[in-house]
Amino acid sequence: MIPQHHYVSCVGCGTRVHAYDSTTFSCPNRDCMPEVNHVLQKKHVITNQLWDRRKLEDSANPFVRYRHRLLGYHRALNGNQTDIDYIERVSQLDGILAAVDGTGFAETPLTVETELADAVGMSPEQKLFVKDETHNVAGSHKARHLFGILLNLSRESLKHPFAIASCGNAALAAAVVSKAAGVQLEVYIPTDAEEVVVEKLKALGAHLHICERREGEMGDPCYLRSLEAVKNGAIPFTCQGPDNGLTIEGGETLAYEIFDKWRENNDSCHHMFVQVGGGALASSSAQALAETMRREPLQVLPRFHTLQTRGAFPLARAYDRVVRLIDARLKGEELPELEAYKDDMSVEERAAAHDAGAVNQRLIMADCIRAAWDSTAVQSVIRYACANKHKFMWPWESAPHSIAHGILDDETYDWYSIVCTMLRTGGIPLVADEAHLQQAHDLAHQYTAISPSATGSAGLAGLLLMQEAKAITDYENVCLYFTGIER
Ligand SMILES: [Zn+2]
């Protein structure tokens, strides 16, 4: 019998799935316990070898360089492939990606942006790191997530179509990666999908399904239709963690590249800002950060901040509710009863509680929680949140609008690990209005050589809010993601 060095388990209910079962993507208990936060996560039982730096290949391709940390690699070995077979397969797929899209996977730049730092009022001693993902496959980080899924699939799974609900970068990335793999992609798009994206998807050979909102239905209709396709046998080729937990590991390589660069240059970073829509980018970064701090800690644990728009900020709402319960527990009070699927504040009040004026107060609370992270008070509340998703995360009630339209997801699908990472690191959720998002976009274009979309530069709006609140001291370094090229 092969010793089980890896396994996959559900964060919410604890159900274990065999690590080499390549047909299970979401927790089998999702439907029977809908109030629990079911997300499958891979776990490595023996980790020392996976983190052995001597095993890091001198390859620019993150799927080769970090392969020992990827379940997809261990599945290949378990399927009687050799290390060389795996590397050859990645390089063969990469060659097709380059032919389809003009680029394959390679480490993306982490630049120190001095002019931008100056423009946002940082001192010359502070470093502003920007991870530029705009020239990655299909122009954003989404392809990393999806390529990670692809490497986890068996030959048998590749006979099924792939399904995704998206009309932006995720769909484009899915179309490019599916084409490279020779698999049919079914894309579920809204009625108002951008013409330029629709044309590109068609050119890449994807089948498009236009989804209208149905009377009385809660949640995104494209997402609901894609779930139906999965029930009918399609592979969930998506960046949404609860539907496919394997989407996270490809995204983790992005954060590993950042951490390795800091290590190489003896740099440290005090604040990371991540823009959040469905939450895969933030969740991957959060999990890579946690794994890195366990195995080979960074000099400084950065505060992990998130940024959403005033259009929709379900993650900030969930964070607030968790904090409210922790606050009560830390004070020894009775836990307040939270109503499921219903906020007790208006959208305007809740948004105002996340702007620049509220930042310093929030950081004080965040520091208290970070210090008490291991306490029963905090741990009992986060377990409670994981078991009672319906009281913390539910689809946003109104149809949102923003120039950062790529982060307007109704729901932050992988919210739990992001909230935990914010609490654990002393980070906070920020909510930006349109003026800040526009300003961030303008500054990115004016002071850097990178050309992100308004979604891609949204993390910078978080930094602007923190700077307004004078919440970053003049020796602290900051890191942002610019991902999603301007089209
Ligand atoms: Zn579960």
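I began with helix α11, which is mostly covered, with 13 of its 17 residues buried. I note that the model is predicted. The helix covers residues 314-330. I compared its length with expectation: from first C-alpha to last it reaches 24 Å, close to the 24 Å expected at 1.5 Å a residue. I then looked at what comes after α11 and found G332, whose phi is positive, near 75°.

Next I looked up the nonpolar cores. The largest has 87 residues, and W262, L423 and L463 have the most contacts inside it. Which residues does L423 touch, leaving out those up to four places away in sequence? I listed Y319, V322, V323, I326, A366, I369, R370, W373 and I382.

I turned to strand β5, residues 128-132, and found five of its five residues buried. Is one face covered, or both? I found both covered: L128, V130 and D132 are buried on one side, and F129 and K131 are buried on the other. I recalled that side chains in a regular strand alternate between the two faces of the sheet.

Last, I checked the partners of β5. Strand β4, residues 110-112, runs antiparallel to β5 and is joined to it by three bridges. Here T111 has V130 as its bridge partner. With strand β13, residues 478-482, β5 pairs in the parallel sense over five bridges. In that pairing, the bridge partner of D132 is F482.

Key:
Residues numbered from 1 in each chain as written. Predicted model: local features only at pLDDT ≥ 70, side-chain atom pairs only at ≥ 80, totals over all residues. Heavy atoms only, no water. Core = buried A, V, L, I, M, F, W, Y, C linked by side-chain atoms within 4.5 Å. Buried < 20%, exposed > 50% of the residue type's maximum accessible area, 1.4 Å probe, protein only. Contact = heavy atoms within 4.5 Å. Helix = DSSP H or I, 4+ residues; strand = E, 2+ residues; numbered from the N terminus. Expected span 1.5 Å × (residues − 1). Pairing = 2+ DSSP bridges.
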